[in-house]
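Subject: Structure handover

Hello,

Here is the structure I promised to pass on. Please open it first, then read my notes below.

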Amino acid sequence: LLGRDKRDVRRDILERGWIAPRGNDPAIIRENKRNAIKLLAQAGWGVQDGGLVHSETGEPFAFEIMVRDSQDEKIAMTYAASLKDVGIDARVAMTEKIQYETRRMEYDFDMMPFGWGGTPSPGNEQAFRFGSAEADIPGSYNLAGVKSKAVDNVIDAITNAETRQDLVTAARALDRLLLSGSYVVPFYYSNIDRVAYWSELNVPPRHPQSGMKIQTWWMWPDN
């Protein structure tokens, strides 16, 4: 499906997919940071007075992370602290809800936490999230400003898929393109649902892939 658009996919992602760096061991964390510094140096960033500065422009590597609640603030602060270790100055800015939404709709931010809901059958909503036509429209959900002909072509393939296999193939191609573009930084992920419930409730033996649905639980009248 990608054809010539394979040029827009990183070789490592094309060959083995994206693998999140491990961070559960201090030695691995130190190695990850050393690798990050090497990659930054290759891109022209060097350490000066404890911070990263671009070798050609002298511009410091600094940006703002806009958040709207204490939960996102905690995660962003942890992320900012890890960036500081490699010389990046990431400042966390708490905003009120109205200001947050206004700045989001006007793309007046450097970085912000956000989540897109997904389904097992993606469709034309992908155009609103990642299509080039939406990149400059105020209030759209193409928050990363993705403008890629390759991405547009694959979204068209998703929208016009006639079989399930066509849809799966196109969706996987879109996944590879977006990962290669490095448009987002994953904040956190959990593959389990933590739920405490009354033992009198009855729960289905199997749950949907999207997670536990409490609406499907029941209790017998004689309970």
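Which helix holds both glutamate 15 and arginine 11, and how many residues apart are they? Both lie in helix α1 (residues 11-16), 4 residues apart, about one turn of the helix. A salt bridge here is a side-chain nitrogen of Lys or Arg within 4 Å of a carboxyl oxygen of Asp or Glu. Glutamate 15 is exposed, and so is arginine 11. For accessibility, buried means under 20% relative accessible area, exposed over 50%, and partly exposed in between (1.4 Å probe, protein chains only).

Some ground rules. This is a predicted model: local features need pLDDT of at least 70, side-chain atom pairs count only at pLDDT 80 or more, and totals for chains, interfaces and linings use all residues. Residues are numbered from 1 along each chain as its sequence is written, and side-chain values use heavy atoms, with hydrogens and water left out.

Overall layout

The protein chain has 7 helices and 4 strands. Helices (H or I, at least four residues) and strands (E, at least two) are DSSP runs, numbered from the N terminus. Along the sequence the pattern reads α-α-β-β-β-α-β-α-α-α-α. The C-alpha atoms fill a box of roughly 75 × 45 × 40 Å, taken along the principal axes. Of the 223 residues, 28% count as buried. Among contacts (heavy atoms within 4.5 Å) with a separation of 6 or more, 55% come from residues 24 or more positions apart.

The hairpin

Strands β1 (residues 45-48) and β2 (residues 51-54) run antiparallel and are joined by 4 bridges. Two strands pair if DSSP finds at least two bridges between them. Glycine 46 has valine 53 as its bridge partner. Glutamine 48 is partnered by glycine 51.

How far is histidine 54 from aspartate 175 in space? The C-alpha atoms are 31 Å apart, and the residues are 121 apart in sequence. Aspartate 175 lies in helix α7 (residues 164-181). Aspartate 175 counts as partly exposed, at 42% relative accessibility.

More charged pairs

The count comes to 10 salt bridges. One of them joins glutamate 101 and arginine 68 (3.1 Å, N to O). Glutamate 101 lies in helix α4 and arginine 68 in the loop between β3 (62-67) and α3 (70-84), so the pair ties together parts that are 33 residues apart in sequence. Glutamate 101 is partly exposed, at 24%. Arginine 68 is also partly exposed, at 41%.

Aspartate 89 and arginine 91 meet in a salt bridge too (3.3 Å, N to O). Glu64, Arg103 and Asp108 are linked in a network of salt bridges.

Two buried arginines

Arginine 104 lies in helix α4 (residues 97-105). Its relative accessibility is 6%, so arginine 104 counts as buried. A polar contact of 3.0 Å joins its side chain to that of glutamate 101. (A polar contact is a pair of N or O atoms within 3.5 Å; within protein, one must be able to donate a hydrogen and the other to accept it, and residues adjacent in sequence count only if both atoms are side-chain atoms.) Leaving aside neighbours within four places in sequence, arginine 104 is in contact with residues including Met66, Phe109, Phe114 and Tyr141.

Arginine 129 sits in helix α5 (residues 125-130). Arginine 129 is buried yet has no salt bridge. The nearest side chain of opposite charge, glutamate 125, is 4.9 Å away. (Lys and Arg count as positive and Asp and Glu as negative; His and the chain ends are not counted.) Beyond its neighbours within four places in sequence, arginine 129 is in contact with Trp116, Gly117, Tyr141 and Asn142.

Aromatic cluster

Phe114, Trp116, Phe130 and Tyr141 form one aromatic cluster. Rings of Phe, Tyr and Trp (its six-membered ring) pair if their centres lie within 6.5 Å; planes under 30 degrees apart count as stacked, over 60 as edge-to-face and the rest as tilted. The count comes to 7 aromatic pairs. Tryptophan 116 and phenylalanine 130 form a tilted one, 5.5 Å centre to centre with 50° between the planes.

Best wishes
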